[in-house]
Amino acid sequence: RDPNWVPALTGYPLPGHPVPCRVSISPEEPTVEFGTSLLLNCTSSCRNYSRLSWEVSITKTGSQGPGWVSLSIPNVTDWSLELQCFGVFGGHRDIATTTLHAYRFSPPQIYLEGDVVAGKEARVTCNASAQVSPPDPPNLRLTLRGGGLPPSTHRGPSVGLGFTAQPEQHGQEMTCEAALRLGRRTVNASATVTLWVWAAPHDVWVWAPRTVFTAGDNLTVMCRAEGNPLPRLRWELPTNVSWELRDGGTTVTIPAARRAHGGTYRCLAENRYGAGAASVDILFQGSSRNPLIPAVVTLTVATVLVALAVSWWLYRARGWKPMQD
């Protein structure tokens, strides 16, 4: 029987199959951000060791207990550092080795190139930076997704996506996901931006409850328009007489409209990205509904009849003479 054989901490070996004493390091592949701290553990599979310790090129600090010893690195300033843990079991020495890898990883940033205007080409770019132990380049992958667009993935520090902006994309989010591969470990970071899509005036709409009026009717014409920022409205009217603007300039009202108010009512919508317009034609027909008109006509006719009667009477009076004997 091997004098160095003892039962493993995780269980007893089968008879005739001794298990040698081993040491192991946890984590197996230590990776840590440059300038931060790290705590490692070295564990023995047996309790009969005479020595259990670390062999490193830095000042050793840590603690120990039955079957384990730790190593604390308060400030990692090496991009790559060889670490060894060993245990002495009688005449047998077991060594576990690993390499500490440090990295720097800046979260991604998303940039929109100028104003995003509906109907025009736009481009969004995501950049991220990473640094690992030289001379290896960082294994960095970026994915840009969202905004109703197909995702774009690229290996390297930058990824871009071009598209034709649409009004419905306003308020949607775009996300950039960055993945830095460090051996069997992956470090992830992401950034999100909300799309702000500006838009020239569109869907300009002019409406009136009806388009045929008679003099004396109340006339109302309304205008609506979409855009970002919200368009300013301006009216071109057939006449500048007796009209009022209401509801922030969206509605024209004319009480007791006259024939002069007939014509084309044009609404112009404007913002700093463009302009749009729409119009409606208002017609007037029939006679006036003024209640004084029938009375005036009746009075005129009566006056004419009286004048004719007086004239006939005078004519008869002058033309009549008495008969002489």
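1. The strands themselves, like the helices, are DSSP runs numbered from the N terminus, with helices being H or I of at least four residues and strands E of at least two. In that sense, leucine 219 stands opposite isoleucine 254 in β21.

2. On the basis of the note: this is a predicted model, in which local features need pLDDT of at least 70 and side-chain atom pairs count only at pLDDT 80 or more, while totals for chains, interfaces and linings use all residues. Residues are numbered from 1 along each chain as its sequence is written, and side-chain values use heavy atoms, with hydrogens and water left out.

3. Confidence. The pLDDT, the predictor's confidence in each residue on a scale from 0 to 100, has a mean of 87 over the chain, and 85% of the residues reach 70 or more. Confidence is highest in β1, at 97, and lowest in helix α1 (residues 292-319), at a mean of 65. Residues 1-14 have a pLDDT below 50; beyond near neighbours in sequence, this stretch has 23 contacts in the model, a contact being heavy atoms within 4.5 Å. Where pLDDT is low, the predicted coordinates should not be read in detail.

4. Disulfides as a set. With a disulfide taken as a pair of cysteine sulfur atoms within 2.5 Å, the count comes to four. When bonded cysteines are counted along the chain, the pattern is 1-3, 2-4, 5-6, 7-8.

5. Cysteine 21 and cysteine 46. These two residues are joined by a disulfide with an S to S distance of 2.1 Å, and the link is left-handed, with -100° about the S-S bond. The pair links distant parts of the chain, 25 residues apart: cysteine 21 lies in the segment before β1 (23-26), and cysteine 46 lies in the loop between β3 (38-44) and β4 (51-55). Both cysteine 21 and cysteine 46 are buried, where buried means under 20% relative accessible area, exposed over 50% and partly exposed in between (1.4 Å probe, protein chains only). Valine 19 is also found in the segment before β1; this valine is partly exposed, with a relative accessible area of 35%. Valine 19 and cysteine 46 are 27 residues apart in sequence and 9.8 Å apart in space, C-alpha to C-alpha.

6. Cysteine 42 and cysteine 85. The sulfur atoms of this disulfide are 1.4 Å apart. The link is left-handed, with -65° about the S-S bond. Cysteine 42 belongs to strand β3 and cysteine 85 to strand β7 (residues 80-89), and the pair links these distant parts of the chain across 43 residues. Cysteine 42 and cysteine 85 are buried.

7. Cysteine 126 and cysteine 176. Here the sulfur atoms of the disulfide lie 1.9 Å apart, and the link is left-handed, with -85° about the S-S bond. Cysteine 126 is in strand β10 (residues 121-131) and cysteine 176 in strand β14 (residues 173-182), so the pair ties together parts that are 50 residues apart in sequence. Cysteine 126 and cysteine 176 are both buried.

8. The four-stranded sheet. Four strands, in the order β1-β3-β6-β5, form an open sheet with antiparallel pairing. Its edge strands, β1 and β5 (64-65), each pair on one side only. Six bridges connect β3 and strand β6 (residues 68-73) in the antiparallel sense; asparagine 41 has serine 70 in β6 as its bridge partner.

9. The five-stranded sheet. A mixed pairing is found in the open sheet formed by five strands in the order β9-β16-β18-β21-β20. The edge strands β9 (116-117) and β20 (244-246) each pair on one side only. Strand β18 (residues 219-228) and strand β21 (residues 251-254) run antiparallel and are joined by four bridges.

10. The largest pocket. A pocket is an open set of points on a 1 Å grid over the protein atoms alone, where a 1.4 Å probe fits, with protein on both sides within 12 Å along at least five of seven lines; lining residues have an atom within 4 Å of a point. About 230 Å³ of space lies in the largest pocket, the volume being the space filled by probe spheres set on the points, which are joined across faces, edges and corners. Its lining has 16 residues, of which His101, Val132, Ser133, Leu182 and Gly183 lie nearest the centre. The elements giving two or more residues to this lining are β8 (92-112) and β14, and β8 gives the most, with four residues.

How values were computed:
Pairing = 2+ DSSP bridges.
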